[in-house]
Each structure stands twice: as C-alpha cells, then as structure tokens.
Amino acid sequence: MKQGIHPDYHQVVFMDSTTGYKFIAGSTKTSSETVTMDDGKEYPLVRVETTSDSHPFYTGKQKFAKADGRVERFNKKYGFTSK
C-alpha cells in the first residue's frame with residue numbers, strides 16, 4: 001500500500017443513541033469523546049442513531065408509518081377480510 005494516504009484504522013466504541021448499547025469495532029472514524037470499556041481501555045466514542053439493538057428488522061418490533069395501506073383500503077372497500 002502507498003504510505004501516507006490512508007486514514008488511521010483503530011478500535012472505536014459505537015453507542016446506540018436510543019438504547020445505550022455499546023460495541024467495539026474497527027473504524028477510521030474519530031471522536032473527541034472517549035469512554036472506558038469493561039476491559040479497562042479507553043476508546044473514542046461514536047454515537048449512532050440505529051444499531052442492531054434498536055433496528056426494527058433485528059428486534060422484530062416493526063413500526064408501520066401508514067397502517068391503512070393500499071391492500072387494506074381495497075379489502076375494506078370491496079369487503080374482503082385478511083386472515
């Protein structure tokens with residue numbers, strides 16, 4: 001690899017803003033915030049909006065923005081019921 005053109009790759013703690021879940025991963029992201037983890041080492045802290053701890057696909061708690069969709073409106077209009 002060419003020297004001096006690649007960003008520094010290091011261990012970073014990512015924290016889910018909604019649940020507080022933290023995990024360590026390798027990244028080129030930097031942060032002025034730091035956190036001490038269970039292993040006693042201090043890592044840069046990067047806050048993220050969504051992780052597998054809060055994403056509906058992984059938690060199974062899906063949020064439906066539009067509950068009355070096209071299929072439901074069709075069934076309501078023509079008298080079909082969903083099973």
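**View 1. Val13 meets Leu45 across the strand 1 and strand 4 pairing.** Val13 has Leu45 as its bridge partner in strand 4. The two strands run parallel, paired over four bridges (a pair needs at least two DSSP bridges; strands are DSSP E runs of at least two residues, numbered from the N terminus). This is a predicted model, where local features need pLDDT of at least 70, side-chain atom pairs need 80 or more, and totals for chains, interfaces and linings use all residues. Numbering starts from 1 along each chain as its sequence is written, and side-chain values use heavy atoms, leaving out hydrogens and water.

**View 2. The sheet, in the order 2-1-4-3.** Four strands make an open sheet with mixed pairing. Strand 2 (22-27) and strand 3 (34-36) sit at the edges with a single partner strand each, so one side of each has no neighbour in the sheet.

**View 3. The largest nonpolar core.** Six residues make it up: Val13, Met15, Val35, Met37, Tyr43 and Leu45 (a core joins buried Ala, Val, Leu, Ile, Met, Phe, Trp, Tyr and Cys through side-chain atoms within 4.5 Å; buried is under 20% relative accessible area, exposed over 50%, partly exposed in between, with a 1.4 Å probe and protein chains only).

**View 4. An aromatic cluster of Phe14, Tyr21 and Phe23, linked by ring pairs.** Phe14 and Phe23 are stacked, because their ring centres lie 5.7 Å apart with planes at 25 degrees (rings of Phe, Tyr and Trp, the latter by its six-membered ring, pair with centres within 6.5 Å; planes under 30 degrees apart are stacked, over 60 edge-to-face, the rest tilted). Tyr21 and Phe23 make a tilted pair, at 5.9 Å and 35 degrees. Phe14 is buried at 13% relative accessibility, while Phe23 is partly exposed at 29%.
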